[in-house]
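Reader: Please show me the model. I would like to go through its domains, strands and salt bridges.

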Amino acid sequence: MGASAKKPIVLSGIQPSGNLMLGNYLGALRSWAGLQQTHECIYCIVDLHAITVPQDPAELRARTRETLAIYLASGIDPRKSLIFVQSQVPEHAELAWILGCHTWLGELERMTQFKDKSAKKKSVGAGLFFYPVLMAADILLYQANLVPVGHDQKQHIELARDIAIRMNGMYAEKFPGPSQVTQNKEVKEALPLFVVPEPFIPAVGARIMSLQEPTAKMSKSDPIPNATVFLGDSDDEISRKIKKAVTDSGTEIAYTGEKPGVKNLISIQSAITGKAPDEIVASYAGKQYGHLKAETAEIVVECIRPLREKFKGLLADRGELDRILKKGADAARVRAAKTMEHVKEALGFLA
Ligand code: TYM
């Protein structure tokens with residue numbers, strides 16, 4: 001990574017809270033490997049976020065390694081990118097507290113993901129409410145410029161931007177940067193505390209919907225059978241799930257909000273093949289839902305198969321996975337400590 005220090009910084013993460021699925025891949029993970037050519041990339045496995053809802057410890061451990069194996073299978077290279085587990089870098093939780101003291105309650109109350117996740121629950125942990133602040137800490141800790149995510153994370157990134165802008169305004173003057181001599185005068189230019197990040201959301205694939213309830217997004221933790229295509233599913237399982245996908249009444253194949261099931265299958269095809277939705281619709285003139293499902297199944301099977309095969313191979317070498325994570329966490333802590341040093345100085349904490 002050393003020579004690429006001037007490249008813009010990318011940061012993203014996935015929760016090891018369930019098996020990774022098609023939405024995670026098409027909405028986020030798929031763009032991560034390519035960004036390694038042009039950016040300095042930091043990819044995190046966000047286990048502190050996963051425990052905002054109850055997790056079985058043995059499963060969490062296994063899924064954390066599985067998430068790494070999927071990262072690697074999708075082309076993320078530990079020699080090019082920093083890959084680590086969030087809980088192994090304590091500065092994430094430390095910065096989250098500080099950011100939380102600069103975040104308004106009303107801002108967190110407006111988060112739609114919190115509203116959705118807490119709506120049907122009798123009691124909700126405070127961590128679920130605080131979750132977007134921890135996400136802001138993940139991003140701001142590494143001074144990330146770009147955050148590649150699916151559509152559902154956009155509001156969280158906007159919050160991270162608002163916190164960064166607010167704290168830059170509050171502390172910039174109290175935290176002068178290195179001296180610069182301009183026109184024979186020594187000037188200390190104020191340095192912003194944080195880079196203000198931008199979201200990077202793909203034009204297609206950023207909102208893959210449930211196969212059984214196509215008005216709700218596809219999710220790792222959806223209890224409804226056949227709603228989610230997992231990246232570990234066999235060819236037959238993938239085929240079966242897509243062929244059972246809920247479509248809509250009528251027979252016409254159209255890309256419209258009135259036919260969310262059909263629209264979802266077209267979006268999936270479009271995200272994988274790169275063809276425009278209109279072109280896909282035109283290719284089904286006079287055909288039926290059965291054709292659309294069969295071809296979508298084939299396209300998804302071909303997309304996931306190489307990923308699954310690589311992933312299974314990588315998972316077999318646990319020692320190597322743990323070595324990658326250890327090295328990643330050590331390097332991440334060095335970078336995180338740098339931001340924390342600036343933040344603490346700006347806030348007035350003793351060194
Ligand atoms: P998570 O683990 O829920 O999802 C990981 C990534 O997958 C995207 N995604 C989807 N994209 C398209 N269609 C879907 N149905 C779909 N479901 C999920 C998500 O948008 C995400 O990009 N809070 C984050 C994790 C996180 C993070 C961060 C991300 C923590 N810290 C810092 C970026 C930067 C989350 O829960 O993602």
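Author: Domain bounds here come from an automatic or database domain assignment. The model is predicted, so local features need pLDDT of at least 70 and side-chain atom pairs count only at pLDDT 80 or more, while totals for chains, interfaces and linings use all residues. Residues are numbered from 1 along each chain as its sequence is written, and side-chain values use heavy atoms, with hydrogens and water left out.

Reader: How far apart do the C-alpha centres of domain 1 and domain 2 lie?
Author: The assignment gives domain 1 as 9-206 + 318-347 and domain 2 as 235-312. Their C-alpha centres are separated by 32 Å.

Reader: What area is buried between domain 1 and domain 2?
Author: Contact means heavy atoms within 4.5 Å. By that rule, 11 residues of domain 1 are in contact with 10 residues of domain 2. Buried area is the accessible area (1.4 Å probe) that two parts lose on being put together, summed over both. Carbon and sulfur atoms give 81% of a total of about 960 Å².

Reader: Which residues of domain 1 lose the most area to domain 2?
Author: Three residues together account for 47% of what the domain 1 side buries. They are L22, A73 and V204.

Reader: How many salt bridges does the rule find across the interface of domain 1 and domain 2?
Author: A salt bridge is a side-chain nitrogen of Lys or Arg within 4 Å of a carboxyl oxygen of Asp or Glu. The structure holds 16 of them. Across this interface the count is zero.

Reader: Is strand β2 mostly covered or uncovered?
Author: Helices (H or I, at least four residues) and strands (E, at least two) are DSSP runs, numbered from the N terminus. Buried means under 20% relative accessible area, exposed over 50%, partly exposed in between (1.4 Å probe, protein chains only). E40, I42 and C44 point one way from β2, C41, Y43 and I45 the other, and all are buried. With six of its six residues buried, β2 (residues 40-45) is mostly covered.

Reader: In β3, which residue is the bridge partner of C44?
Author: Two strands pair if DSSP finds at least two bridges between them. Six bridges join β1 (residues 9-14) to β2, running parallel, and V10 has C41 as its partner there. Four bridges join β2 to β3 (residues 82-85), also parallel. The partner of C44 in β3 is F84.

Reader: Which residue forms a salt bridge with E40?
Author: The closest N and O atoms of this pair are 2.4 Å apart. E40 lies in strand β2 and its partner in helix α13 (residues 318-347), so the pair ties together parts 295 residues apart in sequence.

Reader: Which residues are linked with R308 in a network of salt bridges?
Author: The side chains of R308 and D235 meet at 2.7 Å, N to O. R308 lies in helix α12 (residues 289-315) and D235 in helix α9 (residues 235-243), so the pair ties together parts 73 residues apart in sequence. R308 is buried at 10% relative accessibility, while D235 is partly exposed at 23%. The residues linked with R308 are D235, E302 and R305.

Reader: Which residues does Q153 touch, not counting residues up to four places away in sequence?
Author: Q153 is found in the loop between β4 (146-148) and α8 (154-171). Q153 is buried, with a relative accessible area of 12%. Beyond those sequence neighbours, Q153 touches Q113 and M135.
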